[in-house]
Protein chains: 2
Amino acid sequence: MSKTYVVIGGSAAGPKTASKIRRMAPDAEIIMIQKGKYLSMASCGFPYFVGGVFDDPNQLIATPTGAQRNPEFFSNVKNIKALTSTEVTSIDREKKLVRMRNLQTGQESTQAYDKLFIATGASAIVPNLPGKELEGVTTLQSMEDAIYLKERLASGNLKKAVIVGGGLIGIETCEALQLGGVQITVVEMLDQVLSFLDWEMAKHVENHIRANGSEVITGCGVSEFLGKDGKITGVKLADGRVLECDLAVVAIGVRPNSGLARDAGLDVGAFGGITVNTFMQTSDPDIYAGGDCVEVTNLVTHQKMPWPMGDAANLEGRVAAQNMVLGNNVEYDGFIGTGICKVFDYVAGSTGLSEKQAKRLGYSNIMTAIQAAPDRPGFMGAKPVIIKLVADRTTCRLLGMQAVGTGDVSKRLAIGAMAIHAKMRVFDLVNLDLPYAPPFSPAIDNFIIAAHVLQNKCLGRMEGISVLDVKAKLDAGEKPFLLDVRGPDEFEQMRLGVGETLIPLGKLRANLDKLPKDKNAEIIVYCKISLRGYEAYCCLKAKGYNNVKVMEGGIVAWPFPREK
Amino acid sequence: MSKTYVVIGGSAAGPKTASKIRRMAPDAEIIMIQKGKYLSMASCGFPYFVGGVFDDPNQLIATPTGAQRNPEFFSNVKNIKALTSTEVTSIDREKKLVRMRNLQTGQESTQAYDKLFIATGASAIVPNLPGKELEGVTTLQSMEDAIYLKERLASGNLKKAVIVGGGLIGIETCEALQLGGVQITVVEMLDQVLSFLDWEMAKHVENHIRANGSEVITGCGVSEFLGKDGKITGVKLADGRVLECDLAVVAIGVRPNSGLARDAGLDVGAFGGITVNTFMQTSDPDIYAGGDCVEVTNLVTHQKMPWPMGDAANLEGRVAAQNMVLGNNVEYDGFIGTGICKVFDYVAGSTGLSEKQAKRLGYSNIMTAIQAAPDRPGFMGAKPVIIKLVADRTTCRLLGMQAVGTGDVSKRLAIGAMAIHAKMRVFDLVNLDLPYAPPFSPAIDNFIIAAHVLQNKCLGRMEGISVLDVKAKLDAGEKPFLLDVRGPDEFEQMRLGVGETLIPLGKLRANLDKLPKDKNAEIIVYCKISLRGYEAYCCLKAKGYNNVKVMEGGIVAWPFPREK
């Protein structure tokens, strides 16, 4: 006898699961119940719709061949019954049925299931601040939100907006609205945007956002939304400043929608997400769950936590469907923590652990390397990528990687993600055979060069210092001897202007008298990307200077203001 | 006492080794001896110089900051003595010295060494055919070759050219000259271009080259270069055809320059490359070698062979230098066989083994999957990528991957290369956490989708058939029932026209009467990329059709002529 599968949720994990169940069980009855109006929306595409990359919202719910993913599509093409504007109000695990209400007609009904899949997603967190009900205070989480923002842009009465939150969605929304001609201020409570990055990497992103005309305020929260006649007129910050605006987009994070599951007595984890095992099965063997409403395992930290990403939702749903139909047979082990974000011409991403995260988790012996390099040869139109690698010095295993820049960041992050998935060590990464031709990479790929720097540090052949630590020393009044080994023309175009001495690498050996007489004096060398800096380091070490360090990533990695 | 390091060769591995020795041994004496005029040329960039991506040949020998890598540069910046136009004529291992001749003055001299590095490179193979000495028969291997081709293009007296050989360099040269306005014919003796690809993947590249106005002839060699007044006028093919031309570029491969090493009594391998261990050390412990002149290990096949690639040369040199200075301490294990090539808007590449190579090596139980998908969502300007995965069915280990298309092939190949390096199995690849955002990939990355197809086949959930096998069946007069499940509009725009039946997926269940009555009849289903094809397959299997197959990659993967 054919079984009945009920899927709660019709956004990402839900439709994926329902479709995969159909492929696994062609004769089963499948009912998908969606609270909202739309099905299978490409919600990660909302910022690009708002920003004008495309203007037809139907593209967000279209298949690659242009079919609309509406109830008729699911019925005709996939033989899946899709109910929209229908809310599941409770799950009766005893009777194995769900109760639901049609939000348009108010009609209540029940639906029995043999196996149930919960994909209730997550909701945007809106802080409980005065004025949060004002018109013009919104999130960017639903089709309705996206259409509202698009209409506001089209209306011409949107001049200034405040984005509350500098995470992935906040930054993508900043780009979208700025491209629509709006003056943007991003307000982030933490001391940096994109918290998956370490501070000094995030500062490059902030610099790029400012260079494109938007403002970024970090280290300051929002205390109130100000309004007049029911409409927003400004945002008041915790420090008292008021930012006038016609719109505030709140993007401070999401919270798993696990209430339905919790009410049904299913286990819920420490972060409020539904508890599932690697089969995506909840504490009730007949109920599976996936997507933004569950907690899954971070394969690097071994912690269970929500991982509200569209790609994970699809993969989890595919696993759940196979297990729901055949019995538990395939597993979703977890995620490693990969995220990427485009902002104007810049791309920023991270995979695995940042240095900050690693330290917070108690890794005591970590090793990092920052490296900046062009993403292909100069004659092919090179663009820079700054890479930071984080490794465990004890095991030499790569723990994390971050990359920012205008160059091909996405490929390098994908390489790093594979290395972390495969638990590769630094020494496994120094001789990789990656696809090389001049249109695609330098002869030694940026990722490999970064691994070389890490290997050099690992073997004690290079002592590095981060731009952050150099800045801290200067701010603390220390006076290390800063040695810039670039050419005079480069120095003329761009320089730190913090008291450094210029001695081009080619003239270093003949100008050792310009260095401190005390061989124990701290000398910090750098060039544009600190490759020549490393050569100078080797030279000075050989000449008996005992306290030389390379400023990693060179002047390109310096995120602070420069003299020029 | 400081040691003397002699490096023979100044192109890629040579300068890398010399520079790394300098960083490891700041006080050593380092002499680099180059036969040609130029040092440290980015020879992989020659086609882009010829094709007009840039016009100043000095860019090929410039550092990222624009310094020319000439003897003064090596002397001033790196304290390396670089001799150009100087040929090493013999190595006296007993006396530990090399004998050399200045090719401009004829003067002979010797240079003693403590450690010697051989990077004599490889030479382009020019077949011993009548007419090979004619003006206009050239290779593209040296700066002089590149400048010659650039000048020929500028002269305006170059209308037609024949490229002999459809490998990487042949294809890149085809693009370069075609962009310069020359009518090109590529002649390849094998039955396909780019032999690192399987036949059906290579055909897509050939189709793209033809679509850009160049001609490709496969399965036919060259028998003679025809000329008049000492200049080339045509190329005669083995089948008697004559192609008129003003230029022939021979690019049929390279041969390691191992004569010097062989004469010195060093071991040479089966393919004529110098034998080295993983420390890049030859059979003489004081002599190391690297780059195009050596044989290194293919990590997938465990065979030693030349791997004449610019990236490998640099990595090998870096390893050799460390071992030459400190004693053997780091290893270059080998390569996995990654190659990539841009041709017009198309990118084609391969890593690990092709199906053909795997079969030739005796793998008896291999599994493949071909999958075509857009490289990002449609609303972000999707471009197609066709991926072929090759795996060992016994171990489930990924053996190889090929990718072609106008989309982001380079990133997917890099992911595949990492999977092969890490010896990952198909099941390790189905839930990867790769960098996902709409500007960079679909919600499930193409690479992962391809892994899903392979997993489905592995688990017996899908039986596929390659476009190649479908075509062979049709050519042999077999009459499988070909079922196209796309929409009528898609069918109108593009179709095979080989007797297929169109039943859109959404109408399949209601139209089973149009299928063969015999449930054992062979039915081959497909759509544009065979995702809907797979859904139809699942449906038909459930309806009791016993002999259904999915045509992998769908119509997008069909490289043969179509009706429309």
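Here is a chat about how the two chains of this predicted model are arranged and packed.

User: Hi! Before we start, is this model predicted or what?
Analyst: Hi! This is a predicted model.

User: Okay. What rotation puts chain A on chain B?
Analyst: A rotation of 180° superposes chain A on chain B, with 0.0 Å of shift along the axis and an RMSD of 0.0 Å. The two copies are thus related as by a two-fold rotation axis.

User: Which C-alpha of chain A is nearest that axis?
Analyst: That is the C-alpha of A:Lys411, 2.4 Å from the axis.

User: And how many residues are in contact between the chains?
Analyst: 72 residues of chain A are in contact with 72 residues of chain B.

User: Which parts of chain A supply residues to the side that touches chain B?
Analyst: Several elements each supply at least two residues, including helix H3 (71–78), helix H8 (310–326), strand E23 (346–352), helix H10 (409–421) and helix H15 (531–542) of chain A. H10(A) gives the most, with 9 residues.

User: What classes of residue are on that side of chain A?
Analyst: The side of chain A that touches chain B has 45 nonpolar, 16 polar and 11 charged residues.

User: Why do you say the copies meet through the same surface?
Analyst: Because 100% of the interface residues of chain A are also interface residues in chain B.

User: Which residues of H1(A) meet H8(A)?
Analyst: On the H1(A) side they are A:Ala13, A:Lys16, A:Thr17, A:Lys20, A:Ile21 and A:Met24. Among the residues they meet in H8(A) are A:Ala313, A:Gly317, A:Ala320, A:Ala321 and A:Met324. By class, this contact has 9 nonpolar, 4 polar and 4 charged residues.

User: What about H1(B) and H8(B), is their crossing left-handed or right-handed?
Analyst: H1(B) passes H8(B) in a right-handed crossing. Their axes come within 8 Å and cross at roughly 35°. The contact residues include B:Lys16 and B:Ile21 of H1(B), along with B:Glu316 and B:Val325 of H8(B). They divide into 9 nonpolar, 4 polar and 4 charged.

User: How many residues are in contact between domain 2 and domain 3 of chain A?
Analyst: 8 residues of domain 2 of chain A are in contact with 10 residues of domain 3 of chain A. On the domain 2 side, those residues divide into 5 nonpolar, 2 polar and 1 charged.

User: Now the sheets. What is the order of the sheet with E13 in chain A?
Analyst: The order is E13-E14-E15, an open sheet of 3 strands with antiparallel pairing. Strand E13 (222–228) and strand E15 (242–244) of chain A each have a single partner strand, so one side of each is left without a neighbour in the sheet. On average, neighbouring strands here are turned by 30° against each other, direction ignored.

User: How many bridges join E13(A) to E14(A)?
Analyst: 6 bridges join E13(A) to strand E14 (residues 231–237) of chain A. A:Val222 stands opposite A:Leu237 in E14(A).

User: And the 5-strand sheet in chain B, is the pairing parallel or antiparallel?
Analyst: The pairing is parallel, and this open sheet has the order E27-E31-E30-E28-E29. Its edge strands are strand E27 (464–465) and strand E29 (501–502) of chain B, each pairing on one side only. E27(B) pairs with strand E31 (residues 548–551) of chain B over 2 bridges, and B:Ile465 stands opposite B:Met551 in E31(B).

User: Last one: which strands does E28(A) have bridges to?
Analyst: 4 bridges join strand E28 (residues 481–484) of chain A to strand E30 (residues 523–526) of chain A, running parallel. There, A:Leu482 has A:Ile524 as its bridge partner. Another 2 bridges join E28(A) to strand E29 (residues 501–502) of chain A, also running parallel, where A:Asp484 is partnered by A:Leu502.

Technical notes: Residues numbered from 1 in each chain as written. Chains lettered and ligands numbered in written order. Predicted model: local features only at pLDDT ≥ 70, side-chain atom pairs only at ≥ 80, totals over all residues. Least-squares fit on C-alpha atoms with pLDDT ≥ 70 in both. Contact = placed C-beta atoms within 7 Å. Nonpolar A, V, L, I, M, F, W, Y, C, P; charged D, E, K, R; others polar. Pairing = 2+ DSSP bridges. Axes fitted to C-alpha atoms, helices over the stretch in contact; angles between N-to-C directions. Left-handed = near helix turned anticlockwise from the far one by under 90°.
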